[in-house]
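Please read each point with the coordinates open beside it.

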Amino acid sequence: MKPAAPSMSIISANLLLALGYMLMGLACSYTGMHEQIAPLWLPAGLALAALLRSGCKLLPGVALGSLSVNLAIPALQGPLAPHHVYAALVIASGAVVQGWMAMCLLQRLGADPLKPVRERWMTPFVLYSGVVVCLVNASLGTLAVTVFNQGGSTADMLENGVSWWLGDSFGVLLGTPLFLAIADAKRQRAQLNLAARLLGVLLAVVLVNQYYLLHLNGVLKQSFAQDTQLLDARIQAIIQQNLRDLSRIGQSLGKEPDVTAHVFREQVEPLMADNPALRAYSWDPLIQSHQRADFEAQTRQQLQWPEYQVYGESPTDRPTLIPVQFVEPLATNRAALGFNLYSMPDRRRWVELAQARGEAVATEVLYLTQAPDEPGLLVMQPVYRLVGNDLLNSRRELRGFVVGVFTVSRLLDAAQVSTDGRLIGLRVSEAGEEPFYDTWLVKGDNDRKGLRQAFSVQLAQQEWQIDARAGPDYLSTHPVSQAQYLQILLVGVSALGVLLILAMHHRERLLEARVRQQTEDLAWQALHDDLTRLQNRKGLKQRLE
């Protein structure tokens with residue numbers, strides 16, 4: 001039973017370290033503008049302090065603490081996914097390697113910040129533990145967040161890596177001596193004074209950082225509101241432009257005596273050249289069932305495609321067909337050729353609504369024939385021709401439909417060209433329905449910062465509800481944000497403050513040791529003969545007494 005006691009104490013120490021690491025990490029995650037890249041990462045200092053005092057036996061506690069905090073952060077925003085676990089494992093590995101390397105280097109160089117062996121210990125402590133070694137977890141962690149958690153693009157890896165490195169450097173340079181001083185405070189009163197001074201530096205840095213973030217958040221709220229207004233305006237502009245284009249094509253085709261593939265291509269190609277929101281235009285004429293064979297033969301000849309045929313049957317009580325005769329661009333939308341719009345109840349409902357209203361009608365979000373895995377929609381513009389030469393006796397006759405084919409992602413991505421779509425996530429739904437488009441990476445802390453807005457857009461007779469939210473990198477990469485410069489300044493100032501406090505502490509300790517030695521020497525001289533080194537009369541008297 002006795003041999004089990006040390007192992008239980010080691011297990012308890014590792015669990016306590018892991019708990020402290022996790023709680024401190026969660027607290028530090030609110031000091032930055034990215035959920036997993038904090039500018040003031042004290043757990044790095046806690047890990048190194050524990051390893052310097054207890055050795056490699058606490059490495060499991062470092063790994064467990066890092067793994068826990070990097071799983072807890074995304075878990076607080078939404079359900080965990082496998083990629084969160086992969087990222088957390090990589091970050092935990094980096095934390096272990098970083099702590100072990102820093103411990104070995106400081107012990108080898110005699111640069112323990114509270115128990116230095118060499119006089120010139122500051123340079124190795126700052127250079128190796130605070131600069132060089134912190135590059136390990138900064139590199140691995142940034143790579144993991146970027147690749148697995150989609151925390152920014154590849155172009156942001158350098159900037160995020162620098163922030164991560166500065167955060168770990170701050171944690172090591174300030175946190176390591178702070179936690180060592182707290183651990184030794186019970187045995188040495190001087191360590192308590194040292195801990196109080198270091199806590200003062202930490203409190204000052206945190207207050208400055210949080211004040212700046214509070215000020216920056218107010219500025220970014222206004223900026224985010226402007227960005228979402230711009231996004232709303234661009235979506236509306238794209239929708240209106242496409243409705244006008246469809247109306248123009250419908251009017252032009254209504255005047256043509258015969259709509260051929262060449263005529264249709266001439267009408268739509270100029271409009272498609274500068275319209276990234278559009279997937280395709282199609283011409284869907286109105287024909288009767290008994291005209292089917294002749295229509296198919298004529299279309300095969302025009303398209304030079306012998307496989308063309310109408311597929312999808314209309315209801316038996318409605319002998320009308322509305323097949324896709326021409327589509328542009330043809331190469332990526334050939335699967336839609338011949339599809340009878342009247343064969344499916346939902347398409348048939350929208351066709352009849354467009355005919356009844358005499359204007360463009362948008363369908364609900366559906367899965368397209370030519371892109372079955374991607375949500376999209378159709379905008380149906382009825383095409384009429386005038387029958388009769390007499391103006392008073394002429395009438396409009398439905399000739400068919402020009403259909404604009406849109407995928408949701410293309411339409412919304414086109415609206416985000418002027419902004420960085422990666423920085424603003426969109427969740428789009430129809431009234432009372434589940435979202436059909438969602439680019440929110442996670443449910444983030446930016447909701448509480450007010451960087452979230454909802455608005456609606458009108459697409460013909462359909463209404464979409466759009467919920468815009470700032471992504472995890474919106475604050476850090478926004479033009480008005482200079483947070484990284486402040487972070488560099490804070491780390492630099494805190495490092496200088498820590499080194500100054502440690503230098504004063506060691507100077508005071510050295511002076512105390514010298515005073516103590518001199519006091520002991522004087523006491524000895526008072527009781528001993530300088531020549532013989534034996535006790536004098538006073539010393540003998542004290543001894544006899």
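1. Two strands are taken to pair if DSSP finds at least two bridges between them, and the strands themselves (E, at least two residues), like the helices (H or I, at least four residues), are DSSP runs numbered from the N terminus. With those terms in place, Val428 has Tyr437 in β10 as its bridge partner.

2. On provenance, this is a predicted model, in which local features need pLDDT of at least 70 and side-chain atom pairs count only at pLDDT 80 or more, while totals for chains, interfaces and linings use all residues. Residues are numbered from 1 along each chain as its sequence is written, and side-chain values use heavy atoms, with hydrogens and water left out.

3. For the overall picture, the protein has 15 helices and twelve strands. Of its 545 residues, 48% count as buried, where buried means under 20% relative accessible area, exposed means over 50%, and partly exposed lies in between (1.4 Å probe, protein chains only). Taking a contact as heavy atoms within 4.5 Å, residues 24 or more positions apart account for 69% of the contacts with a separation of 6 or more.

4. Met8, Ile11, Leu15 and Leu64 make a nonpolar surface patch of about 370 Å². Patches are built from residues with over 30% relative accessible area and no salt bridge, with like charges joined within 9 Å and nonpolar side chains (Val, Leu, Ile, Met, Phe, Trp, Tyr) within 5 Å. Helix α1 (residues 4–28) gives the most to this patch, with three residues, and Met8 is found in that helix.

5. What open sheet does β9 belong to? The sheet has four strands in the order β10-β9-β12-β11, with antiparallel pairing. Its edge strands are β10 and β11 (452–459), each of which pairs on one side only. Strand β9 (residues 424–430) is mostly covered, since six of its seven residues are buried. Seven bridges join β9 to strand β12 (residues 462–470), the two running antiparallel, and within β12 it is Arg469 that stands opposite Gly425.

6. The structure holds twelve salt bridges, a salt bridge being a side-chain nitrogen of Lys or Arg within 4 Å of a carboxyl oxygen of Asp or Glu. In one of them the side chains of Arg347 and Asp346 meet at 3.2 Å, N to O; Arg347 is buried, with a relative accessible area of 5%, whereas Asp346 is partly exposed at 22%. The side chains of Glu359 and Arg357 meet in another, at 2.8 Å, N to O, and here Glu359 is partly exposed at 37% relative accessible area, as is Arg357 at 40%.

7. Arg385 forms a salt bridge with Glu397, the closest N and O atoms being 3.2 Å apart. This pair links distant parts of the chain, with Arg385 in strand β7 (residues 375–387) and Glu397 in strand β8 (residues 395–407), twelve residues apart. Arg385 counts as partly exposed at 34% relative accessibility, and Glu397 is partly exposed with a relative accessible area of 25%. Elsewhere, Arg292, Glu296, Arg300 and Glu313 are linked in a network of salt bridges.

8. How many disulfides does the rule find? With a disulfide defined as a pair of cysteine sulfur atoms within 2.5 Å, the count comes to zero. Cys104 is in no disulfide, and the nearest cysteine sulfur, that of Cys56, is 5.7 Å away. Cys104 is partly exposed, with a relative accessible area of 29%, while Cys28 counts as buried at 6% relative accessibility.

Definitions and conventions: Areas by Shrake-Rupley, 256 points an atom, 1.4 Å probe, with all protein chains shown as cover.
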